[in-house]
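Hi there,

Here is the structure I promised to pass on. Please have a look at it first, and then read my notes below.

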Amino acid sequence: MPGLKITTGSPGETEQLGAAIGSLLQPGSFLALRGDLGGGKTCFTRGVVASLAPQSSGLVASPTYAIMNCYSGSTPVYHFDFYRLAGDDDIAELGFEEFFYGDGVCVVEWSERLAELLPPDVLTLQFEYAGDDRRLITITGSGHKSDTVLEQLVERLQQQNKL
Ligand code: ADP
Ligand code: MG
C-alpha cells in the first residue's frame with residue numbers, strides 16, 4: 001500500500017501516534033525511524049514504550065551513548081540509536097542482529113546507518129520538520145508484517161476520523 005503521511009502539531013500528538021502504533025505491534029516487529037535531529041524520533045518512541053512497557057515510559061531518552069536501551073513489558077522494547085555509529089561494519093561487530101530477529105519489538109533511531117543490516121520487513125517512519133511544533137511523518141511498510149500494521153493503523157485512524 002502507498003505510504004501514509006501524518007502531520008502532528010505537538011510532541012504529545014507524536015507520542016500518541018507512537019502509542020497507537022505500539023498497540024498494533026507483534027513480537028518481532030521492527031520500526032525504522034529516519035530523519036533529522038529534533039524530528040521527534042525519541043518522542044515517538046516514548047509513546048511506543050508507553051503502550052508496550054508502561055512502567056518504563058518515563059525513562060525513555062535517546063540512547064545516544066548506550067546505543068541500546070531495553071524496556072521490559074509484555075513485549076520487550078529494544079530502543080536503538082545509531083547516530084554515533086559510522087556504518088554497518090561497526091554495527092555488525094556489535095552483534096545486534098540477535099535482537100533484530102528476536103521476540104521483542106525493535107525501535108531504531110538513525111536506522112539509515114544500518115544499510116544492508118536492516119531486516120527486510122520493517123515499518124519505516126520518516127520524520128521531517130514542518131514548522132515549530134509540526135512534524136510530517138511518512139510511514140511505509142516493506143513486507144507482510146509491516147504492511148499489516150500500516151493497514152490496521154489506517155483503519156483505526158479512519159474510525160477515529162483522524163484521516
Ligand atoms: P529526535 O529523536 O528525532 O532527534 P526528539 O524526539 O528528541 O527528536 O526531539 C524532538 C523535539 O522537537 C523535542 O524538543 C520536542 O519538544 C520538539 N517538538 C516540537 N513539535 C513536535 C512534534 N510535533 N512532534 C515531536 N516533537 C516535537
Ligand atoms: Mg533521538
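What follows is a short tour, from the overall chain to its aromatic residues and a few loop positions.

First, the ground rules. This is a predicted model, in which local features need pLDDT of at least 70 and side-chain atom pairs count only at pLDDT 80 or more, while totals for chains, interfaces and linings use all residues. Residues are numbered from 1 along each chain as its sequence is written, chains are lettered from A and ligands numbered from 1 in the order in which they are written, and side-chain values use heavy atoms, with hydrogens and water left out.

**The chain as a whole**

You will find five helices and seven strands in the chain, counted as DSSP runs (helices: H or I, at least four residues; strands: E, at least two) and numbered from the N terminus. Along the sequence they follow the pattern β-α-β-α-β-β-α-α-β-β-β-α. The radius of gyration, taken over C-alpha atoms, is 15 Å, which agrees with the value near 15 Å for a compact globule of 163 residues (the rule is 2.2 Å times the number of residues to the power 0.38). Those C-alpha atoms fill a box of roughly 45 × 35 × 35 Å along the principal axes.

Of the 163 residues, 47% count as buried (buried is under 20% relative accessible area, exposed over 50%, partly exposed in between, with a 1.4 Å probe and protein chains only). Among contacts (heavy atoms within 4.5 Å) between residues at least 6 apart in sequence, 62% join residues at least 24 apart. As for charge, the chain carries 11 positive and 21 negative side chains, with the centres of the two sets 8 Å apart. Here Lys and Arg count as positive and Asp and Glu as negative, without His and the chain ends; each charge is placed at NZ of Lys, CZ of Arg, CG of Asp or CD of Glu.

**The aromatic residues**

A search of the whole structure gives 10 aromatic pairs, meaning rings of Phe, Tyr and Trp (its six-membered ring) with centres within 6.5 Å; planes under 30 degrees apart are stacked, over 60 edge-to-face and the rest tilted. Phe30 and Phe100 make an edge-to-face pair, because their ring centres are 5.2 Å apart and their planes stand at 90°. Phe30 belongs to strand β2 (residues 30–35) and Phe100 to helix α4 (residues 97–100), so this pair ties together parts that are 70 residues apart in sequence.

Phe80 and Phe82 are stacked instead, at 5.5 Å centre to centre with 25° between the planes. Phe80 is buried at 0%, and Phe82 is buried at 0% as well. One aromatic cluster takes in Phe30, Tyr78, Phe80, Phe82, Phe96, Phe99 and Phe100.

**Some loop positions**

Glu112 sits in the loop between β5 (105–109) and β6 (123–129) and is partly exposed at 30%. Leaving out residues up to four places away in sequence, Glu112 touches Leu33, Arg34 and Gly35. Ala115 is found in the loop between β5 and β6, and has a positive phi of about 45° although it is not a glycine; Ala115 is partly exposed at 41%. Asn161, in the segment after α5 (144–159), also has a positive phi, near 55°, and is exposed at 70%.

Best wishes
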